[in-house]
Amino acid sequence: MKFKSLMTMTMAAAALVFSVSSCSSDDDEPEVAVAEQAVGTYTGPEVIMVMGEESSSGTSTYEFSKASDTAVDMLIPSSGEAGMMVIPALPVKNIPLSKVGNSIVGKIDSYAGKVSNAAGDEKAYTISDLAVIFEDVPKGKAVAVTFSLKYGNMPMTMETTFTGDRN
Amino acid sequence: MTDNLKLLFLAGVVLTMPVLGISAQTAFRDSVELNPVVVTASHTPKALKDAPVVTRLITLHDIKIADATNIQDLLIQEIPGLEFGFAMSQETSLNMSGFGGNAVLFLVDGDRMAGETMDNVDYNRMSLDNVGRIEIVKGASSALYGSNAVGGVVNIISRENLEPWTANVNSRYNTFGHEWRNGASFSFNKAKWNSQTSFQHTNIDPVNLPKAHSSEEIAFELMKKAQGLPYDESVLNDDSNLSRLYGQKTYNVKERLTWRATDRLTLTGRGSYFFRTSERDTHDYHFNAYSAGLKGRYAWSRDRHLELSYAYDQYDKANFMPNGTRTHDHDYSNRQHVAHLRYHHPLGKNSLLLGADYMNDYLSTYQFIAGTSHAQDNIDGYAQFDWNITPRLNVVGSVRYDYFSASAQKALTQRLAVVYKFPWMTFRANYASGFRAPTLKEMYMHFDMGNMGYMIMGNPDLEPEKSNNFNVAVERQNRIRNSGILDGVYSFTLMGYCNIFDKRITTIDGGLYEGMESALYWNEDGVKVWGVDVSMGHYFDWGLTLKLNYSWMHEAGDVYFSQFNQPRTHSLTWRIGYGHRFARHYALDAALSGRSQGKPQSGRSDVDQGYTIWRLMLQHHLWRGIHLNTAVDNLFNYKPKSYYYCSPLTTGTSFSVGVSVDLDRLL
């Protein structure tokens with residue numbers, strides 16, 4: 001019994017050493033400057049769902065600019081038509097990026113900002129559950145974005161998805 | 001352990017509790033009242049067994065064992081076929097057996113409340129800290145209560161403590177939204193004075209509703225789809241309408257003072273203040289309500305009395321930025337002045353009730369043309385004759401006439417109720433008409449919804465909604481004696497009903513208005529609602545209580561299935577309760593309760609096809625008025641597959657613990 005316990009503990013200790021060594025090796029690698037790979041303007045289909053119904057869809061252009069080596073800023077384009085509610089372009093700052101396999105992934109749980117609309121009124125907005133994925137595709141670079149938007153006093157959440165190719 | 005095994009285990013625990021008991025007693029079960037008095041069915045006090053219309057009574061014991069914060073929490077536990085859901089603004093909407101919230105009249109001590117949230121009053125105002133009982137009459141009751149009493153009346157009756165003085169402080173924490181509820185109440189009863197004061201504060205944090213898939217998973221599938229690669233469609237199809245529940249705080253203060261001026265004259269004054277803030281992502285929504293009333297009652301005898309009362313109720317809404325600045329773009333104020341006059345006159349074994357009311361209703365809202373407000377007067381008169389033909393046969397007839405100044409609409413409503421008491425059961429048959437007058441909002445709305453270029457237009461030519469309600473019921477209540485373990489009281493009620501609802505006020509496509517799409521308030525064809533309600537209970541002398549309520553309903557005609565509610569064919573509520581004093585300083589009230597909702601009649605497949613939620617409540621009555629309440633809600637961890645507007649708002653099992661101290665017993 002004692003021998004079995006000893007063997008088990010030895011194996012566990014060995015496993016721990018190897019795993020820690022492995023982690024240590026990774027930690028020593030320099031951070032990849034993923035932001036440079038992601039920046040650019042991307043054009044493609046955007047779908048906005050309100051209350052579970054499709055509110056609008058069309059082609060949009062999202063801009064990603066470098067915030068740091070490992071973070072980007074995203075500019076959500078203006079939406080809405082004249083005569084209806086027009087939401088101005090909304091910036092989302094400092095989205096942290098990391099490498100996951102061959103993809104670059106950015107996530108933000110919640111982001112709050114303020115923006116002025118066409119009438120000059122300041123409107124508050126929040127972006128939540130934001131995920132951004134950049135991948136290399138045959139045509140170059142592509143992005144997929146999903147987030148929830150609350151804008152001003154509008155009671156409903158706008159669930160937005162966007163996929164686009166880098167221009 | 002599987003859910004079924006857990007259920008069997010818990011049921012076993014509850015059912016074997018009596019074996020552990022020392023002696024049979026029923027100290028904590030006022031549900032066993034053999035002859036409680038109700039007032040809602042006839043506007044006059046009558047024993048429940050004599051009420052002309054089937055009345056569902058929620059007793060003080062039911063309220064305590066439910067440990068509910070407000071009327072909403074309580075009713076979903078007690079009434080089958082009743083659901084509360086959220087509208088897009090996260091204000092509550094109600095569905096009761098196919099009727100929306102505006103077809104159910106909520107009263108507090110017989111007085112209606114001003115303001116609306118989604119389709120009815122603000123249910124948060126109706127805290128339960130000073131409530132003695134709640135009476136629910138399903139079906140139309142407009143012949144007594146006027147507008148809105150189309151699908152039912154819920155009358156919340158305040159408690160009146162008769163002890164020299166009472167004082168209570170209480171606090172409860174619930175893990176769902178880290179909710180805190182703190183309350184205090186004080187009453188005194190001395191000489192000619194009786195006072196009841198209560199305060200309640202609640203605070204609930206925002207709750208992020210879990211999504212079936214993370215945003216990262218969704219983005220990955222989006223990328224695959226965009227690149228023409230195989231992808232999982234189910235990840236992209238999230239049917240949830242809600243992703244986050246707003247946090248909110250409430251403050252509720254109430255005072256009622258009664259002065260028994262003489263043996264015949266009683267004057268009652270009351271006042272209350274309510275404040276709620278709903279903490280949205282980009283702003284806070286503030287709700288204020290002020291209420292006051294004065295009632296005089298002069299009684300020549302027990303059955304001959306005159307009541308004159310005045311009530312004022314105001315409900316305001318406003319938006320505030322996080323920095324405290326009021327935006328004034330969502331200002332709303334509804335004020336009601338109401339005067340009641342009621343005279344009850346005995347005529348031998350029979351009685352006559354005569355009444356008249358006046359209400360002035362004022363509304364200013366951001367949903368009207370800017371800078372405008374509207375008001376209207378409602379005048380009514382009614383009469384009810386209570387005819388006791390024989391000791392077994394009772395017929396109650398009522399008629400009422402209402403006039404509304406803004407729409408110049410009139411409504412004549414009637415009710416005829418027959419009660420016949422066989423030796424072994426009571427039979428009831430009832431016809432009643434109901435109506436709901438168009439509200440000022442429905443008549444004068446002019447609102448660009450959320451500035452999205454979609455107008456909602458009022459219609460001053462709307463007619464009142466009308467309903468004709470027929471129901472028959474049989475009821476048996478009896479005591480079992482000398483049967484050992486079965487000794488106790490049982491009750492059984494079976495009611496069938498048909499409610500023909502016409503001129504339903506809803507919105508239809510209003511065409512283009514100044515280049516924008518619009519919706520217009522309109523009288524639509526009606527619906528027919530058939531249903532069967534079954535209610536049964538057995539109150540065993542040794543402390544066990546079994547209660548089961550079942551509701552079946554079917555809605556036909558021009559059925560309008562709002563996205564905010566989903567009428568369901570089958571629904572059920574139940575409770576297995578046990579109360580016992582184990583020692584001088586320890587007694588227990590336990591309740592295993594649940595509610596089950598069947599499939600929605602809409603046939604929607606993107607929402608849950610029914611659900612069952614269990615709750616276990618243990619109330620420990622300790623030394624000298626100290627009570628410890630513990631509860632496990634959603635015992636079997638039910639989680640909706642998506643959060644649509646009428647889904648149960650639970651993220652799984654939650655726990656609560658509370659303490660309540662009766663200071664008058666402690667000191």
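In helix H3 of chain B, the residues B:Ile71, B:Leu74, B:Leu75, B:Ile76, B:Gln77 and B:Glu78 are buried. The model is predicted, and the predictor assigns the complex an ipTM of 0.79 and a pTM of 0.82. In the interface, 26 residues of chain B are in contact with 32 residues of chain A.

**Confidence**

- Chain B has a mean pLDDT of 87, with 92% of its residues at 70 or more.
- Residues 1–33 of chain B have a pLDDT below 50, yet this stretch makes 54 contacts in the model beyond near neighbours in sequence.
- Where pLDDT is low, the predicted coordinates should not be read in detail.

**Chain A**

- Chain A contains two helices and eight strands, and their order from the N terminus is α-α-β-β-β-β-β-β-β-β.
- Of the 167 residues in chain A, 30% are buried.
- Among contacts in chain A with a separation of 6 or more, 47% involve residues 24 or more positions apart.

**Interface between the chains**

- The contact set comprises 26 residues of chain B and 32 residues of chain A.
- Helix H5 (residues 215–226) of chain B supplies eight residues, the largest share of the side of chain B that touches chain A.
- That side of chain B consists of nine nonpolar, 13 polar and four charged residues.

- Helix H3 (residues 71–78) of chain B is largely enclosed by the rest of the structure, because six of its eight residues are buried.
- The buried residues of H3(B) pack against one helix and several strands of chain B, including helix H2 (60–66), strand E4 (82–86), strand E10 (152–158) and strand E34 (570–583).
- The largest nonpolar core has 81 residues, and B:Leu74, B:Val104 and B:Ile156 touch the most other members.
- B:Leu74 is also one of the buried residues of H3(B).
- Apart from neighbours within four places in sequence, B:Val104 is in contact with B:Leu94, B:Met96, B:Phe99, B:Asn120, B:Gly151, B:Gly152 and B:Val154.
- A second, separate core of 39 residues includes residues from both chains, among them A:Ala35, A:Val92, A:Leu130 and B:Ile218.

**Five-stranded sheet of chain B**

- An open sheet of five strands in chain B has the order E3-E9-E10-E7-E8, with mixed pairing.
- E3 and strand E8 (111–112) of chain B are the edge strands; each has a single partner strand, so one side of each is left without a neighbour in the sheet.
- E3(B) pairs with strand E9 (residues 131–138) of chain B in the antiparallel sense over three bridges, and B:Arg56 stands opposite B:Ile136 in E9(B).

**Antiparallel strand pairs of chain B**

- Strand E13 (residues 193–204) runs antiparallel to strand E16 (residues 247–260) in chain B, and 12 bridges join the two; B:Asn203 stands opposite B:Lys249 in E16(B).
- E16(B) also pairs with strand E17 (residues 265–279) of chain B, in the antiparallel sense and over 14 bridges.
- The bridge partner of B:Asn252 in E17(B) is B:Phe274, and a hairpin of four residues connects E16(B) to E17(B).
- Strand E20 (residues 332–347) and strand E21 (residues 350–365) of chain B run antiparallel and are joined by 16 bridges; B:Pro346 has B:Ser351 in E21(B) as its bridge partner.
- Two residues lie between E20(B) and E21(B) in their hairpin, where B:Gly348 in the turn has a positive phi of about 65°.

**Positive phi at two asparagines**

- Most residues other than glycine have a negative phi.
- B:Asn482, although not a glycine, has a positive phi of about 55°; B:Asn482 is found in the loop between strand E28 (465–480) and strand E29 (488–502) of chain B.
- B:Asn482 is exposed, because 6 other C-beta atoms lie within 10 Å.
- B:Asn634 is likewise not a glycine and has a positive phi of about 55°; B:Asn634 is placed in the loop between strand E37 (626–633) and strand E38 (654–662) of chain B.
- B:Asn634 is buried, because 21 other C-beta atoms lie within 10 Å.

Technical notes:
Residues are numbered from 1 along each chain as its sequence is written. Chains are lettered from A and ligands numbered from 1 in the order in which they are written. This is a predicted model: local features need pLDDT of at least 70, side-chain atom pairs count only at pLDDT 80 or more; totals for chains, interfaces and linings use all residues. A residue is buried if 20 or more other C-beta atoms lie within 10 Å of its own, exposed if 12 or fewer, and partly exposed in between; C-beta atoms are placed from the backbone. Two residues are in contact if their C-beta atoms, placed from the backbone, lie within 7 Å. A nonpolar core is a set of buried Ala, Val, Leu, Ile, Met, Phe, Trp, Tyr and Cys residues joined through C-beta atoms within 7 Å. Two strands pair if DSSP finds at least two bridges between them. Ala, Val, Leu, Ile, Met, Phe, Trp, Tyr, Cys and Pro count as nonpolar, Asp, Glu, Lys and Arg as charged, and the others, Gly among them, as polar. pLDDT is the predictor's confidence in each residue, from 0 to 100.
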